[in-house]
Amino acid sequence: MGRKRIVYKCEFIDSCAMHGFNEIEVRATEIKSAMRYWWRAISLFSKKEELLEKEQELFGSTKQISPFTIYAKQRDEKYFIVALEEDKEGVEIENYAALFELACILGGFGRGVRRESGSCFILKKLEIERDGNQNVEINRYKLKNDKYIADRILELIEKIQQWSLKGKSMEITEGINGDNYKVIKSKKCSNRYPSIEEIWIGEKKVKIKDLINRVKDAKKELKIDKRYQYNFGNGKYASPVYASSYPVLNKRSELDSSLVIPIIILLSNTSLNKLNKDIKDKNIKKEKKSQYENYKTEFREKVFPRKK
């Protein structure tokens, strides 16, 4: 009996954001790093030691061999292949496949993923069983609209959490204030490391170039306006907001990667959490929290197009 392998054919929505030595290169190490990052973002541990212990079990470390292997190959500037293979008995590679699929939807791979660069989607999935039998799945990834995207994200998160955490901590809430987007909202999140608070999924398709410019402009404008802040204190913190996207079917039931549904992922703000812990003055805490709430609202307003 051989090892089970799952192979994906993927397409970059914009362009490859991964790099090797002075050139664009699809790299397995960056893909695995993204999978590890998003696993943390949906995992809730009260103790850092418990998190690291479970993470090493799932992904390996310098002292522990990884239970699975990733292979990646670039076909051209737009298409690439990723293969996940079990490395030891008892590993269910389908669970790692779910994590790879979630990483594709929420952030993509490589540099600038917070600004939508490196976003990709899956065209085809090939399962090669231990006995050599093969199964191909194509239609699974052809989603119709924002509701299907939200349902797919929740399905993947639940599968991953049931596998690695034996529990569930996220639920869906339909549009805040009846606005033009859906929200997947976490019941709770980590204060110790970035974990998902909310995922905003737009209802209206936009051109990918327009979305990239919207995100870029929003981050630039909000960074210099003191009314909108996410970083508090002297430490350097990355933005807790990720931008991603997903192409949906057009009227002819075809995928057009130039038209996408915007997806914004909001992670817990560890900078604000640290400030709340260190400062006793309630008025300062209230002011900073208000600045951060304004940042989230204004970012959403700038990125999501309004209904006409």
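The model is predicted, so local features need pLDDT of at least 70 and side-chain atom pairs count only at pLDDT 80 or more, while totals for chains, interfaces and linings use all residues. Residues are numbered from 1 along each chain as its sequence is written, and side-chain values use heavy atoms, with hydrogens and water left out.

Five strands form an open sheet in the order E2-E3-E1-E4-E5, with antiparallel pairing. Strands, like helices, are DSSP runs numbered from the N terminus (strands: E, at least two residues; helices: H or I, at least four), and two strands pair if DSSP finds at least two bridges between them. E2 and strand E5 (134-137) each have a single partner strand and stand at the edges, so one side of each is left without a neighbour in the sheet. On average, neighbouring strands are turned by 20° against each other, direction ignored. Angles run from 0 to 180 degrees between N-to-C directions, and axes are lines fitted to C-alpha atoms, for helices over the stretch in contact.

Within the sheet, strand E1 (residues 5-12) and strand E3 (residues 79-86) run antiparallel and are joined by seven bridges. Ile-6 has Leu-84 as its bridge partner in E3. Helix H1 (residues 28-41) packs on the sheet and touches E2 and E3, its direction making about 125° with that of E2. Contact here means heavy atoms within 4.5 Å.

Helix H1 contains Tyr-37. This tyrosine is partly exposed, with a relative accessible area of 25%; buried means under 20%, exposed over 50% and partly exposed in between (1.4 Å probe, protein chains only). Tyr-37 and Ala-103 are 66 residues apart along the chain, and their C-alpha atoms are separated by 8.6 Å.

The largest nonpolar core has 86 residues, and Met-35, Phe-100, Ile-153, Ile-196 and Ile-199 have the most contacts inside it. Helix H3 (residues 93-106) gives the most to this core, with 11 residues. Such a core is a set of buried Ala, Val, Leu, Ile, Met, Phe, Trp, Tyr and Cys residues joined through side-chain atoms within 4.5 Å. Beyond its neighbours within four places in sequence, Met-35 is in contact with residues including Phe-59, Phe-68, Tyr-96 and Phe-100.

Ser-66 lies in the loop between helix H2 (48-59) and strand E2 (68-74). Ser-66 counts as buried because its relative accessibility is 13%. Its side chain makes a polar contact with the side chain of Lys-32 (3.0 Å), and a polar atom of that serine side chain lies 3.4 Å from the backbone oxygen of Phe-59. A polar contact is a pair of N or O atoms within 3.5 Å; within protein, one must be able to donate a hydrogen and the other to accept it, and residues adjacent in sequence count only if both atoms are side-chain atoms.
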